[in-house]
Amino acid sequence: MPPFDFDHPVERRGSWSTRWERYTADVIPLWVADTDFRAPPPVLEALQRRVAHGILGYSAPPEVLREAVVQRMQRLYGWRIEPTWVVFVAGVVPGLHLAARHLMRADQHALVPTPVYHHLKQSLQKAQRAHSDVPLVLSGGRWVWDEAALAAEVRPESRLLMLCNPQNPGGTIFTRAELARLAAFAEKHKLLICSDEIHAEILLDEGKPHVPIASLSPEASRRTVTLVSPNKAFGFPGAGCAFAIIEDAELRRAFSADFHATVHDASVFAYEAALAAYGECDDWLRAQLAYLRANRDEVESRIAGTGVLKMVHVEATYLAWIDASGLGVADPHRHFLDRGVAMSPGSQFGAQQFVRLNFGTQRALLAKALDRISSASRPSPRD
């Protein structure tokens, strides 16, 4: 028996799961980005110890966790940060919304890639900040920034560049050179960067490292808010927290303006889970990545085998960005949902003819879903 069993199914219906409660039991839900794997044993043990303690009062962020973040950034990326740069937040999504509200004025403008995880754009919309969508384009089988379009969209009043690194939903691990050009662009136009790096440790292609854009240079560090979290990689988004890494003291103060007002702290369980993940769970993470890598390979093979659907190679995340335009249907999400597979609609990310599939599940269930997707991609008899 392997040390970590990712094949064992866990019944999630009836557990208040966002993913599993939305649809009826005949639908396989492969949409919102959480996995069907039990959290690492050290995380569960840490939570059990906290419950056994019996006191669940207000909790300050532990300094030992702040130091763990500092050490992890140094060990994984050679990125030297100071403990004072770490700002704890309840999640990456609140961090995106804080950035949109407090790092730019109402009369300023932002640049956001598309397609992209919807909260990058929603944060600007809900803050009533003007923004331009900058397309990602396919180059060498990877989704990358259209740098000419980026240059065309920048304005004198532009203030904020939103980045998703690695990219969700495209699965790109941006290279050091690609990020260096973005950082140089931001410096030239005096832009701040808000970088969502929640998938930084879900790297499926060995030999392709994650590079935090703030780690590139002192100048990039001073103008960047980096949002990181163990939630996705270690499988506890419902009990997790995140960290904003912000060198500039003025940006830290602005970012923190709503703390204890409209934004709540992370929970004591979040701190326990994060500390255990960073301190004791690297073996578990390596095993999970190997499992996800095999799932990714199966998805890519089966999607290519349809002859109708298309997707590019997924370098990072456990999300497949599938081009369903070959089906010739107005709403691919509804098409597959009616045939028993729920994926995220591409319209959510800015691309109506795509769907996003979460392959962070047991391989047997994934195979069943892929069978349904393959069947739903064949011409109907009347065609």
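Is arginine 223 buried or exposed? Arginine 223 is buried, at a relative accessible area of 12%; here buried means under 20% relative accessible area, exposed over 50% and partly exposed in between, with a 1.4 Å probe and protein chains only.

1. A word on the ground rules. This is a predicted model, in which local features need pLDDT of at least 70 and side-chain atom pairs count only at pLDDT 80 or more, while totals for chains, interfaces and linings use all residues. Residues are numbered from 1 along each chain as its sequence is written, and side-chain values use heavy atoms, with hydrogens and water left out.

2. The overall count is 26 salt bridges, a salt bridge being a side-chain nitrogen of Lys or Arg within 4 Å of a carboxyl oxygen of Asp or Glu. One of them pairs arginine 223 with glutamate 219, with 2.5 Å between the closest N and O atoms. Glutamate 219 is partly exposed, with a relative accessible area of 21%.

3. Some salt bridges share partners: Arg142, Glu178, Asp205, Lys208, Arg296, Asp297 and Glu315 are joined in this way into one network. Within it, arginine 296 and aspartate 205 have their closest N and O atoms 3.0 Å apart. This pair links distant parts of the chain, 91 residues apart: arginine 296 belongs to helix 12 (residues 282–305), and aspartate 205 to the loop between strand 7 and helix 8. (Helices, H or I with at least four residues, and strands, E with at least two, are DSSP runs numbered from the N terminus.) Both ends are buried, arginine 296 at 4% relative accessibility and aspartate 205 at 11%.

4. Please look at arginine 72 and glutamate 201 too, whose side chains form a salt bridge at 2.9 Å, N to O. Here 129 residues separate arginine 72, in helix 3 (residues 63–77), from glutamate 201, in the loop between strand 7 (192–196) and helix 8 (218–222). Arginine 72 counts as buried because its relative accessible area is 3%, and glutamate 201 is buried at 14%.

5. My last point concerns arginine 252, in helix 10 (residues 249–255). What is the nearest side chain of opposite charge to arginine 252? That is aspartate 248, 7.1 Å away, and the buried arginine 252 has no salt bridge; for charge, Lys and Arg count as positive and Asp and Glu as negative, with His and the chain ends not counted. The side chain of arginine 252 does reach the backbone oxygen of isoleucine 246 at 2.9 Å, and a polar atom of that side chain lies 2.7 Å from the backbone oxygen of glutamate 247.

Definitions and conventions:
A polar contact is a pair of N or O atoms within 3.5 Å; within protein, one must be able to donate a hydrogen and the other to accept it, and residues adjacent in sequence count only if both atoms are side-chain atoms.
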